[in-house]
Amino acid sequence: MKKFNWLGFVIIVAGVLLLLNAMHVLDGILAGMSIWVLIWPSAIIVIGIGNMAGAKRVTLWGILLSLAGLYFLLVNLKLIAKLPEGVLFPVIVIAVGLAIFIPGRLVRHIGSGARAETDTNGEGFVNSTAVFGGDERRLSGNVFKGANITCAFGGVELDLSGFSSCLPRAEIDLTCTFGGVELTLPPNTRAEHGGMTCLFGGMDIRGPQPQNAESVIVLNGFIAFGGLDVKHPVVVREAKAE
């Protein structure tokens with residue numbers, strides 16, 4: 001089933017609001033305010049919901065974005081009072097800190113009621129945190145089970161091609177803000193765009209994906225003012241003896 005295009009949905013909603021505003025349908029709601037006081041908070045809410053819907057689970061980034069968009073929307077419509085001067089920025093800093101501090105895998109899947117599997121201490125699961133710094137490693141092992149990566153104002157470069165194999169379906173949960181992450185996948189795997197939300201950032205999957213790959217690595221998380229570069233390992237074929 002084709003994934004829902006949340007970016008397209010945001011643009012459609014913005015277009016509908018602009019059309020209704022041009023037809024003066026929203027005059028009573030806006031009371032002389034610009035239509036953009038509705039559009040940009042609504043876009044933040046949709047991005048937050050899209051983050052959770054794409055990952056099929058409740059994510060901290062999705063909750064924070066949705067709540068932030070709802071707050072600004074209600075404030076712009078003058079339905080609630082704005083936080084006191086100087087309070088909003090510390091609240092945002094605390095929220096971002098929580099999103100970085102709390103591991104992305106400690107969440108519950110929507111509708112399943114079961115906690116996501118965690119193997120943070122076991123062989124094969126990779127944890128990487130780079131805040132105002134860097135993490136550059138080449139890792140190896142028997143079976144790659146997944147990864148949890150946090151990058152803020154730094155860089156992460158992980159080469160996973162040393163693993164002998166991979167679970168049939170492994171997940172990489174990533175939070176990248178003002179930084180960059182470069183991943184080299186294990187052999188005989190292919191990358192799949194899961195619940196990755198990009199805000200003023202992006203991801204790039206490079207290299208030919210192996211045909212009939214035995215394993216799928218699902219990329220989930222949040223990228224803001226940063227980038228994710230995913231590479232498939234180069235397979236070197238030995239020349240046949242004559």
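Of the contacts in the protein chain with a separation of 6 or more, 62% join residues 24 or more positions apart, a contact being heavy atoms within 4.5 Å. The structure is a predicted model, in which local features need pLDDT of at least 70, side-chain atom pairs count only at pLDDT 80 or more, and totals for chains, interfaces and linings use all residues. Residues are numbered from 1 along each chain as its sequence is written, and side-chain values use heavy atoms, with hydrogens and water left out.

**Secondary structure**
- The protein chain holds five helices and eight strands, assigned as DSSP runs (helices: H or I, at least four residues; strands: E, at least two) and numbered from the N terminus.
- Their order from the N terminus is α-α-α-α-α-β-β-β-β-β-β-β-β.

**Burial and surface**
- Of the 242 residues in the protein chain, 38% are buried, that is, under 20% relative accessible area (1.4 Å probe, protein chains only).
- The accessible surface of the protein chain is about 14,000 Å², with 63% of it belonging to carbon and sulfur atoms; the areas come from the Shrake-Rupley method with a 1.4 Å probe.

**Nonpolar cores**
- A nonpolar core is a set of buried Ala, Val, Leu, Ile, Met, Phe, Trp, Tyr and Cys residues joined through side-chain atoms within 4.5 Å.
- The largest such core has 26 residues, and Phe144, Ile149, Val181 and Leu228 have the most contacts inside it.
- Elements giving two or more residues to this core include strand S1 (125–131), strand S2 (134–152) and strand S3 (155–177).
- S3 provides the largest share of this core, nine residues.
- Leu228 touches, among others, Leu174, Val181, Met196 and Ile223, not counting residues up to four places away in sequence.
- A second, separate core of 10 residues includes Leu26, Val37, Ile45 and Leu73.

Methods:
Buried < 20%, exposed > 50% of the residue type's maximum accessible area, 1.4 Å probe, protein only.
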